[in-house]
Amino acid sequence: MTIRRKAFIAGAYEHPGRELPDRSIAQIHAEVALGALADAGLTLADVDGYFTGGDAPGLGGLAMADYLGLAVRYMDSSDMGGSVYLSHVGHAAAAIATGKCSVALITLGGRPRTTALRAPGQLMGAPPEAAFEPVFGMNVSAVYALAAARHIHEYGTTSEQLAEIKVAASLHAQHNERALLRKVVTVEDVVNSPMVSSPLHRLDCCVVTDGGGALVLVNEDIAKSLDRHCVAVLGHGEAIEHTKGGWQDVTVTGGVRSGRDAFEEAGVSRSNIDYVGLYDSFTITVLLALEDLGFCDKGEGGKFVLGGTLQAPFGKLPFNTDGGSLCNNHPANRGGMTKMIEAVRQLRGEAHSAVQVPDCEIALAHGTGGWLSTRMGNATVILGREDA
Ligand SMILES: CC(=O)SCCNC(=O)CCNC(=O)[C@H](O)C(C)(C)COP(=O)(O)OP(=O)(O)OC[C@H]1O[C@@H](n2cnc3c(N)ncnc32)[C@H](O)[C@@H]1OP(=O)(O)O
């Protein structure tokens with residue numbers, strides 16, 4: 001059983017706000033739901049499957065289904081942090097492929113920027129180990145700093161190489177009028193910015209924003225009936241890994257497994273990928289993903305990103321053309337959603353003209369999720385352009 005070309009993304013919508021002090025989280029979910037459904041040419045009444053992550057208020061999916069007035073026959077409110085909205089695309093496609101639903105709505109909404117959840121280390125709900133690790137300074141940036149430090153030690157990666165990733169994101173963000181940070185930065189800007197958690201500087205980090213996004217997936221018959229350019233889901237993989245209580249190599253992520261499974265299901269190779277949306281909580285997150293997804297060998301990421309590799313439109317592997325979470329937005333700390341939305345724009349030819357990848361036919365979106373390790377929850381989705 002495969003989900004390859006069984007489900008199609010018909011609607012995608014990104015909330016335009018970056019600071020939303022006057023909205024409730026439920027309102028943000030509702031606004032993006034209506035936006036994505038309008039994009040698809042559908043309504044709430046058409047939805048029979050609903051997916052949302054741990055950012056939804058109250059009883060999560062149940063509360064939001066009630067708030068939105070949905071009557072669905074399939075629901076999933078599992079959470080995988082930064083990778084959840086990629087895993088939900090895979091889950092929704094599987095539900096559609098098996099006939100459990102025909103129109104799946106996926107919503108994300110949150111307000112970490114205008115709430116007390118702004119400080120690093122307070123970005124998500126307290127995990128079981130909170131009493132033992134974050135209180136000693138082991139917050140999210142410190143975890144990724146461990147991975148960066150190990151990568152530097154093991155492979156000779158430099159801060160300047162990591163900075164190239166932020167530079168590429170900022171070159172893209174300058175064209176996005178909604179991006180929180182639109183200033184183009186240099187390698188020197190990044191390495192001279194204040195240290196947050198050595199070796200990660202402020203400019204190695206993602207932004208913290210309010211906002212949200214939504215996707216609508218449909219089955220093939222509905223996709224054909226819609227007056228909208230749909231995008232096919234070709235493959236999906238996810239990897240949840242146990243990390244505690246033993247030695248682990250923090251430079252290796254679950255992307256090794258999730259990527260392998262997604263490529264296998266999609267039946268495409270790395271050289272077929274025209275665009276990548278990579279979860280970018282920190283510059284090191286992107287570098288590890290590039291290696292673990294197989295775009296370069298382990299340890300070679302620092303060299304791989306040199307020379308404008310990630311820069312759209314003509315780099316070897318253009319990434320995060322909306323500016324990503326490093327510059328644009330990171331709503332509810334679950335940046336996988338925006339990686340999907342920009343990948344859909346690229347495949348529809350609807351990205352900003354300055355960063356639209358020519359003849360973009362196959363895109364990959366990848367999420368890294370987790371609190372205290374880069375290995376915990378990873379999800380990869382491969383999408384293909386459908387010629388309408
Ligand atoms: C699974 C996962 O990986 S979850 C990911 C979790 N996400 C995170 O951990 C978020 C990481 N980011 C952060 O914690 C914060 O954005 C920080 C620490 C980098 C910066 O926070 P602060 O130091 O409080 O910055 P503050 O908001 O006060 O802004 C100070 C300046 O830095 C700038 N700035 C803030 N964040 C960033 C950033 N990420 N990149 C570049 N500039 C930034 C601001 O624009 C501001 O500039 P100005 O003085 O010219 O106006």
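Modeller: A residue counts as buried when its relative accessible area is under 20%. By that cut-off, buried residues make up 61% of the 388 residues in the chain. Keep in mind that this is a predicted model.

The chain has twelve helices and eleven strands. Its radius of gyration is 19 Å, close to the 21 Å that the globule rule gives for 388 residues, so the chain is as compact as a globular protein of that length. Along its principal axes, the C-alpha trace spans about 55 × 45 × 40 Å. Among contacts with a separation of 6 or more, 77% join residues 24 or more positions apart.

Now the interior. In soluble globular proteins, nonpolar side chains tend to be buried together. Here the largest nonpolar core has 68 residues. Ile273, Ile284, Phe295 and Ile382 have the most contacts inside this core. Helix H1, residues 25-40, supplies the largest share of the core, seven residues.

Take Ile284 from that group. Leaving aside neighbours within four places in sequence, Ile284 is in contact with Tyr144, Ala147, Ala148, His151, Leu162 and Leu200. Another core lies apart from the largest one. This other core has 37 residues, among them Met80, Leu86, Met340 and Ala363.

Next, Leu290. Leu290 is found in helix H9, residues 283-292. Its relative accessibility is 0%, so Leu290 counts as buried. Which residues does Leu290 contact, leaving aside its neighbours within four places in sequence? They are Leu278, Phe295, Cys296, Phe304, Val305, Leu310 and Leu317. Phe295 has already come up, as one of the residues with the most contacts inside the largest core. For a distance, take Ser258, 32 residues from Leu290 along the chain. The C-alpha atoms of Leu290 and Ser258 are separated by 13 Å.

Helix H12 gives the most, with five residues. By class, the lining has seven nonpolar, five polar and eleven charged residues.

How values were computed: Residues numbered from 1 in each chain as written. Predicted model: local features only at pLDDT ≥ 70, side-chain atom pairs only at ≥ 80, totals over all residues. Heavy atoms only, no water. Helix = DSSP H or I, 4+ residues; strand = E, 2+ residues; numbered from the N terminus. Nonpolar A, V, L, I, M, F, W, Y, C, P; charged D, E, K, R; others polar. Core = buried A, V, L, I, M, F, W, Y, C linked by side-chain atoms within 4.5 Å. Buried < 20%, exposed > 50% of the residue type's maximum accessible area, 1.4 Å probe, protein only. Contact = heavy atoms within 4.5 Å. Rg over C-alpha atoms; globule rule 2.2 N^0.38 Å.
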